[in-house]
Amino acid sequence: MMHKTTHFGFTDVATEDKQGMVRGVFDSVANKYDLMNDVLSFGAHRLWKHYTIATSNVKAGDKVLDIAGGTGDLARAFAMKVGDTGRVVLSDINAAMLSEGRKNLINKGVSGVDFVQLSGEQIPFANDTFDCVSIAFGLRNVTDKDQCIREMYRVLKPGGCLLILEFSKTDIALLEKFYHFYSFSVMPQLGKIIADDEASYQYLAESIRKHPDQETLKKMVLDAGFGLCEYHNLSGGIVALHKGIKT
Amino acid sequence: MQAIILERALNFLLATHPIDIQPLEGKKVHFSLQDFPLEMNFICTNNRIFVTTDAAINTDVNITLQSSVFLALFQGEDLTELLRQDKIVIHGDVKTAQLLVDLLQQVNIDLEELLSKYTGDVVAHQVGKLAKKIKSSDNPIGSIKDGITNFLIAPSRH
């Protein structure tokens, strides 16, 4: 019998196995996740997230769902924007990451955030619920990305905004060379030194390479039903923010 | 980046003033400048406005104009008068265009700064000055001529 396969980094694995393997990666890195993000991106992930919030068009009273929200960076910023009359749901498929997120937000005195463990491929909310749905550095880990985008479309209200912040492709040749060297030679070593986990950061580098480029992802967003999608390249295209509007 | 600045300014205005944008709900308006490579879409939905630069979307109304007229519009120039003077071309629903222009005229934003990202500071400043002059002048045609003359001469002086 033929099994459907998908990629886990550069390795082909049975589709039904990927979710568990990704869970293993994030179980392993959860407690050092924020530190590693700061080290590996030289702090740039904060700017990328700041830009995402700035372009979100979220306002007081809005309902926001942050998928694969991990340690809660975006959820905290959204909570400040929606205020007491709004609602923010921080979600992650991984219990360890969600637990880190909850701990972070409690430590930072953030209230008004709900925590839900969920898969982006099966979002347990009604149609037309949220004004904004975000997923930052999470989509590339999802097994069925098209299904995830369709689900995000479903739970958005008409006029709602989708934000996908994700590693992407740079078309600057020199930057690409440096980035390739850094991703495959430096990042796994830093992972080994700081988090005692080389394999997870090798997966990170590989999963970035396997993720759809800007135009492909834009097409996927439009194919899911969004009336409009545009993307903004950040740091020369190393990261891209796709913004879809459900019209 | 300029679209985001404008989007934020518009939505700040909506959040802080009792402005009803329901008549614009679901409307998409496209602006394109004839003299600069700047195109913007204003999408009014879910009680907010999104500003994008994607040229590939279907819109309810297309507005084509010179950059100086675009700035003049923001500074309160009457849309009907600009139409009468053939300074602006509108394809589609004029009422939607008027509603959006009414809204844009309430935004307090430095459009010279916005435009300068596309054109360079000197050009944007000259265009901005020209727009202000047109608005305050009894002789807009004369102002445009003066402005163009100044613009053509001024850069060589520096």
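A cavity here is a set of grid points where a 1.4 Å probe fits but cannot get out, and its lining residues have an atom within 4 Å of a point. The model on screen is predicted.

**Stop 1: the cavity in chain A**

Start with helix 1 of chain A, which gives the most to the lining of the largest cavity, with four residues. The structure holds one cavity of 30 Å³ or more, and the volume of the largest cavity is about 420 Å³. Its lining comprises 32 residues; to find the centre, select Ala68(A), Asp92(A), Ile93(A), Gly138(A) and Asn141(A), which are the closest to it. Then colour the elements that give two or more residues to this lining: helix 1, helix 2, strand 3 (63–67), helix 4 and strand 6 (130–136) of chain A. By residue class, the lining of the largest cavity splits into 14 nonpolar, twelve polar and six charged.

**Stop 2: helix 4**

Stay with helix 4 of chain A, residues 73–82. Show the side chains of Leu74(A), Ala75(A), Phe78(A), Ala79(A) and Val82(A), which are buried. Turn the view to look down the axis of helix 4 of chain A: the buried residues fall within an arc of 135°, so they line one face of the helix. Just after this helix, select Gly83(A), where phi is positive at about 70°.

**Stop 3: strands 4 and 5**

Next select strand 4 (residues 87–92) and strand 5 (residues 113–117) of chain A; they run parallel and are joined by five bridges. One pair to display is Val89(A) with Asp114(A), its bridge partner in strand 5 of chain A.

Follow the chain into the loop between strand 5 and strand 6 of chain A, where Ile123(A) lies. Is Ile123(A) buried or exposed? Buried means under 20% relative accessible area; Ile123(A) has 4% relative accessibility and therefore counts as buried. For a contact across the sequence, pick the C-alpha atoms of Ile123(A) and Met152(A): they are 7.7 Å apart, with the two residues 29 residues apart along the chain.

**Stop 4: the largest pocket**

Now go to the largest pocket, with about 490 Å³ of space. Centre the view on Leu40(A), Ser41(A), Phe167(A), Met187(A) and Leu204(A), which of its 29 lining residues are the closest to the centre. Helices that each supply at least two residues of this lining are helix 1 (15–29), helix 2 (33–40), helix 3 (44–54), helix 7 (173–195) and helix 8 (198–210) of chain A. The pocket lining divides into 21 nonpolar residues, six polar and two charged.

**Stop 5**

Select strand 8 of chain A, residues 228–234; five of its seven residues are buried. Strand 9 (residues 239–245) of chain A runs antiparallel to strand 8 of chain A, and seven bridges join the two. Within the pair, Glu230(A) stands opposite Lys243(A) of strand 9 of chain A. The two strands form a hairpin with four residues between them, and Ser235(A) in the turn has a positive phi of about 50°.

**Stop 6: chain B**

Finish with chain B, which has seven helices and five strands. Traced along the sequence, its pattern is α-β-β-β-β-α-α-β-α-α-α-α. Chain B has 158 residues, and 49% of them count as buried.

Note on methods:
Residues numbered from 1 in each chain as written. Chains lettered and ligands numbered in written order. Predicted model: local features only at pLDDT ≥ 70, side-chain atom pairs only at ≥ 80, totals over all residues. Heavy atoms only, no water. Buried < 20%, exposed > 50% of the residue type's maximum accessible area, 1.4 Å probe, protein only. Arc of directions from axis to C-beta. Pairing = 2+ DSSP bridges. 1 Å grid on protein atoms, 1.4 Å probe; cavity = no way out; pocket = protein on both sides within 12 Å on 5 of 7 lines; lining within 4 Å. Points joined across faces, edges and corners; volume = space filled by probe spheres on them. Nonpolar A, V, L, I, M, F, W, Y, C, P; charged D, E, K, R; others polar.
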